[in-house]
Each structure stands twice: as C-alpha cells, then as structure tokens.
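Have the model open while you read.

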Amino acid sequence: MLKIGIKDLAKYPFLTEAGEYLANTGLSLEQLSHPDWKPIVEKAYGRIVVASSGQIYGSDLESLDNDSELLSFIVAIILLKSAGIATLIRRFSLAEARRSERFLQQDLWASRDKKNLELPLKIIQDLFAVTVSIDNDEFVIKVPDYLQRAVHFHEKEWKLVNRRVANGFVYLSAHETVRLIRAELGEYINGKIQSVNIQSIPQGFKQRVEDLVILAKKFSDTTYVSSEYPPCVKHGIEVLEKGENLPHSGRFLLATYLLSKGQTVDQIAPLFKNAPDYNERTTKYQLEHISGSSGSGTKYQCPSCEKLRSESLCFATSDCDGIINPIQFGKKRKNK
Amino acid sequence: MNEKNTLLIESAFKEYYFNRFDLIHVPKRATEREFGYQKFNSGMTRHLVIKNDKELHLLLMKEVPSDVYCSNAYYAFPNLPMSEKDWKGADLIFDIDAKDLALPCRKDHTIFKCSSCNSSVIELQSQCSKCGSTKFETASVMCKNCISESKLEVTKLVDILTSDLNIKKDEIEVYFSGNEGFHIRVTNSDYEPLGSQERADLVDYIMFNGAIPESFGIKRQNNSKSSLPTLEEKGWRGRIAHKLFTSKSKTSKITKEIISSGYTAFQVQLEEIKKTMGVRVDPKVTMDIHRIFRLEGSINSKSGLSKIQCDNLDSFDPFSEACLLGDDNVQILADCPLQIKLKNKKFGPYKNEVVSLPKYAAVYMLCKGLGNAI
C-alpha cells in the first residue's frame, strides 16, 4: 500500500487523500474562519489572485509549512465556490494543474529511485486511467492512450510517426509524459471543485469572497466581436475575452483563421492576452510559426469544419450554410 | 445498368447467395453493428440490424442486393439515425486498392469506353472513332501485377501492426476486396475506442506521413551533434536505419555522409523512403469510424467476384478463389478488347461479338461494362 505523506499532499492537494487528512486533523470549516487561521485564508486568496493573473503559484516545499500548503488549497476552493465565478475556478484549476505538473515532472524525473516514482505513476493511473511504465530510463505508454491525448497537439513532434514506438508502446520523457496529461489534470481539478458543496460561507471568509467577485469583474469586459466572424471563431474570441481557457486547438483555429483573413501576427497577439497562461513571447513565437514566417516555413491552414466538429469547437448556425471550412463563412451568402 | 443486364447479374447473384451459405456469415458482435445494402439501379438502404446468419441469408435471398455492407463500428442502437446510434467503438479497418498504387501496369489493363456509343478501346483517344464523342469512361480489368503489388502492401501493413502496434496475428483478418485490392480488419479492444482524429494520426504513422528529420536524429542546427537511429531499434527508427545503412559495417561511413549532406537533404531522403516503405492505404477509410464496409462473403458488383478471407496471402489467387459464381453457359454481346483469365480459363479479346461464356465470366464482363446481356 502506497503511503501518501503530508509533503505529497502539499504537492498534490487535489488527491482524495487530502480530504482524509483534513478529516483526521479534526479541523472544521468554522474553526478555519477563526482569526487564528487568517494567514491561511490570506494565503488561499493570494493563490487565487496569482492564478487569475495567469501565473503559477510557487511553493517552496522545503522551507514552507506543508500543512499551510494543503489547507490554503482547500480554503481557496471554499472561497472560489462561495464566490461562484466559473472563470476564476477555471483559471485556478489550470494554474494549479500546471503547479502540480512541475512536481509530477520532478517526481517522475527521479525515476532512478523507485520509491519516488510510485506516487506520480499512481496519480496518472488513478486520475486518468493511463498506465505509465518504465523501460530503462524512459516512460512508456500504450499507443492508443498516447494517440487519444497527443492528437490535441499540433506540433509535428507529437505525431506518432515522430515518436519512438515499439511493441505497442510509445516512449516519452518525464516532461512529455506530464505534458500529455496537462489538460486532463486541469479538468480533473475543475471537476473536483465543482463537486464541492458549501452550505454557508463562514464569517471569516466573507471579505475575501467579496474581493474575488470584484477581481472577477476585470475578466468580464467584452470587446467588439465582428459579426462577420463565423460562430466558431466568435466563440473562441468570447472565451478568451472572458479570461477562460481556450484549448490549444481553439487557439490554433483563431490564429489560422485571422491570419487567412489578412491580419498580422502583431494584430492577433493581443487577443490572447486574457488567456490564463498568457506569455507574450510564447504567443508571438507560436503565431509566427503558424504564419510560416518562422520555423519550417509551413503556413498552417485553417482547420476544416469537420475537424472542428470532432474537437467540439463547432458552433454552427444557419449562417454557416453548409460551408466546409470557416474561411468560407459569409462568402456563400454574398454570392446568393 | 440496363434491365437485361440487371436480370442476368441478379440471377447469378441469387444463385450464389442461395448455394453458398457456407461462405456468408455475419461478423462477430453482429447485433451491435449497422448493416446496409444496395440494389441495382437503386439507392442505399442503411441502418439495418441483422442479428445472425439466418437473418442475413433471408435478406440476401429476398432482396438480391448488388452490394452488402456492415459497419466496423459498434453501436448501442445500430438501427437508429446516425446521431442517436450511440457509438461505442470500431474495428480498425484498412483498404489497399491497386488503383491507388500508381503502378506502371495500369495503362496496360485499363479500357476506355465511349460514354456515348459504349464502344471500347485500350488506348485513350481524343475522340471516339465510331461516334466522335470526346467523353470516355474507364474500366480496369484484372492484373496479376496489381494483385502482387497490393499483397506487398498488405505484408508491410501486417508487419507494422504486429511489431510496432502489438496487434496479434489472430486479431488481423485479411480479405480480398472483390475487385482490385484488399481489406484488412483488426479487432483489438485497445484500438477500438479511437476516434477519427486518432485514427488519422495512426494512418499517418502507417503511411510514414509527416516524419521530420529531428525524429531520426538530424537537427536543423548544430548538425555535428546529430545521431541517427541504430539497426537494433524497433519501429520506424529501426526500419529507417536498415534502409540507410543496409549493414553494420557501413554505418559509420553512411552516417558521416548523411550528416554532412545536411537537414534538407535528409528531409528529401525521408520523403523518398515514404514512397517505398510507407504503406499505401486509403486514409479516408481508416479515419471513417461510421463507415459501412463491404461484408465478407458478399459479391462486389464492380466485378462479380466475392470478398473473401485470404488464409494464405502468398498463394492466394483472387481470379480463381474469389470467382464463385455459377459456370453454366450464357450468351452475351461482349466488347472486351483485352483477354481476361478467370478460374484458369482465358476469355477474349472480343470485338463486339455474341459469345457463350460461363456465367462467372459473363457477369464479370457485364459488371465491368464490357458486354451486354442479349
């Protein structure tokens, strides 16, 4: 039986064991709202603020108190549920996923020490039903498990043909293994938060809940969306403007669509500013890559309606009028 | 198709469906699959459930379809409209068709038929010598080379499926398609849930599409640090190593040559390798998770030959083993400028002449549009 310690829970506070740990301490919600616990509430609030700005909350597990790491995560969830703002919950989930991703990668890295390896592999197995095994110093997963995740990445190196494949397995580095499950980890944390039930907001939390409502306002300002855009592109722009996370495939759609309509990389880049994981340099690099002005020189084309449908990014309306690619939107109508 | 032709073909098909119950079975998990069929000069009937061999035989006898299909997908409700079927998974399927292999022999067995007067010639002309029409249809007749080249593709595919993807030999079924190629079906529960996109990436792997030099150790920059795969490796890396080095003793010399030629040259080399080593399957078929695929044991109306399983691919001769229609003689007006060979008997060439042929040969010509019933 794998023993999960408080340090592990500080790294992976979304694990079911975290709840059991809390129950064992005998701490109640009311107790947590006592002024003595104010530093935890402040830490939790800080964790959400950092996440909402698209940054990853840094934890120094060597010098910090592991209890407060875990408790602040739990209090953060209570604050978020009390405020009830989906945008904040999504941003927090993604940021926390990326925070844990770092630990997962480090723990996987320590593959030579079998003891360390058990936990990250168990997390991946339990949460995402993916079995990762070790072959020498590399991580291997079954081809179908790999394909179901890697198809969401557009970079050529993720294509199966560019991976080392043998006997039904794909070989990956620690970083690649964790990268493969990033989106699912975010979804998992998001789902976990959604499932939490809060009866009433403890008095000691009320101020910070109100602060969160104010904080969320800055993500709800919408800007002009051209009516000439097809509904899938409109949807993508709206998601970004709300500060919510748009999957990579959605961002790829926006970039290729707008580039095909003659917009420049500099015109498009600001659109992604609101994304929870926005990084100016990365965004520009990726846009330049898609536009063909850097990298292999391949100019990427806007994905077809069929592909978007398969990625749940199609929001077709009657205006689409049987088009097969979003760039045809509006053209058919003009010809009528 | 004209009515007389339809009657002749239908009677031959009916006889086959009546006499060869031993060859016609529903696939495994039939109740979860969608069936469909087509009749001559009619549209497709889909969304059918056929529970067992008995129901299938009854349908074949009653409807005498020109073509019968069955889904590779499994559904909770196969008889409901597509959006309500509740897709549960699908077998992996592959289609290898000689016409997609760009073989040089194609021109030797392709017949051009004038769309207006139906006369057949073996060389494409700008206009029909009989009626002056400029429109032609093509019909391709059997060719041994096409079949052996298609078999090579099947062998390459089976190698990748078994060694790279860990699919067991007994999970792979190879069928002659009934016309000019092969159908391969894989029943492996690990691959069953894959969606269309995942299958598209899988098919790119099999075809060796989209490979980049970096994956084989050649970098765009800092080329001196490049290291190519070794002969011991598995998957495409091992295959590429074998192709490049041929033997261990040549490895170091060839590695130096490749690295000094640079990134772009290697990219070109990969493209060349793709043409010979990539398996030439039809990607659309494998990606389609809702397809209804020709049912094994049924007749292909493009030829009158049956789609049958090949137990021994090397020795398999479709022109005798898949030619299963009756052999009593019928008279037709044949216009077939090339000689064909079925069941080890030669027929033609015929220049618009009335001939008495065994039913299987007559139906073959009618299906190919190279003759008419009289």
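1. Start in the loop of chain A that runs between helix H7 (114-128) and strand S1 (133-135), which is where Ala129(A) is found. This is a predicted model, and Ala129(A) comes out with a positive phi of about 55° although it is not a glycine. Is the residue buried or exposed? Ala129(A) has 9 other C-beta atoms within 10 Å, so it is exposed, the cut-off for that class being 12 or fewer.

2. Look for Asn166(B) in the loop between helix H3 (144-164) and strand S10 (172-176) of chain B. Asn166(B) has 18 C-beta neighbours inside 10 Å and therefore counts as partly exposed. As background, most residues other than glycine have a negative phi, and most peptide bonds are trans.

3. On the peptide-bond side, please check Gly348(B) and Pro349(B): the bond joining them is cis, with omega about 0°. Pro349(B) sits in the loop that separates strand S18 (345-347) from strand S19 (350-358) in chain B.

4. Now the helix packing in chain A. Helix H5 (residues 66-83) and helix H6 (residues 86-109) of chain A have axes 8 Å apart, at an angle of about 155°. That is over the 145 degrees needed, so H5(A) and H6(A) are roughly antiparallel to each other. Their crossing is left-handed. Which residues of H5(A) and H6(A) meet? From H5(A) come Ala76(A), Leu80(A) and Ala83(A), and from H6(A) come Leu88(A), Ile89(A) and Phe92(A). The contact of H5(A) with H6(A) has 6 nonpolar residues, with no polar and no charged ones.

5. H6(A) has another partner, helix H10 (residues 182-195) of chain A: the two axes come within 8 Å and cross at roughly 130°. H6(A) and H10(A) are therefore oblique to each other, and this crossing is right-handed. On the H6(A) side the contact is made by Ile89(A), Arg90(A), Ser93(A), Leu94(A), Glu96(A), Ala97(A), Ser100(A) and Glu101(A). H10(A) brings Arg182(A), Leu185(A), Gly186(A), Ile189(A), Asn190(A) and Ile193(A). The residues of the contact of H6(A) with H10(A) divide into 6 nonpolar, 4 polar and 4 charged. Ile89(A) is worth a click, as it takes part in the contact with H5(A) and in the one with H10(A).

6. Stepping back to chain A as a whole, I get 17 helices and 4 strands. The C-alpha trace of chain A spans about 70 × 55 × 30 Å along its principal axes. How does the radius of gyration of chain A, 22 Å, sit with that of a compact globule? For 336 residues such a globule would have a value near 20 Å, so the two agree. Buried residues make up 42% of chain A. Of the contacts in chain A with a separation of 6 or more, 71% are between residues 24 or more positions apart.

7. Last, where the chains meet. The contact takes 18 residues from chain A and 25 residues from chain B. On the side of chain B that touches chain A, helix H4 (196-207) and helix H5 (235-245) of chain B each supply at least two residues. H4(B) gives the most to that side, with 7 residues. The chain B side divides into 9 nonpolar, 8 polar and 8 charged residues.

Notes: Residues are numbered from 1 along each chain as its sequence is written. Chains are lettered from A and ligands numbered from 1 in the order in which they are written. This is a predicted model: local features need pLDDT of at least 70, side-chain atom pairs count only at pLDDT 80 or more; totals for chains, interfaces and linings use all residues. Axes are lines fitted to C-alpha atoms, for helices over the stretch in contact, and angles run from 0 to 180 degrees between N-to-C directions. Angles under 35 degrees count as roughly parallel, over 145 as roughly antiparallel, 65 to 115 as roughly perpendicular and the rest as oblique. A crossing is left-handed if the near helix is turned anticlockwise from the far one by less than a right angle, and right-handed if clockwise. Two residues are in contact if their C-beta atoms, placed from the backbone, lie within 7 Å. Ala, Val, Leu, Ile, Met, Phe, Trp, Tyr, Cys and Pro count as nonpolar, Asp, Glu, Lys and Arg as charged, and the others, Gly among them, as polar. The radius of gyration is taken over C-alpha atoms; the globule rule is 2.2 Å times the number of residues to the power 0.38. A residue is buried if 20 or more other C-beta atoms lie within 10 Å of its own, exposed if 12 or fewer, and partly exposed in between; C-beta atoms are placed from the backbone.
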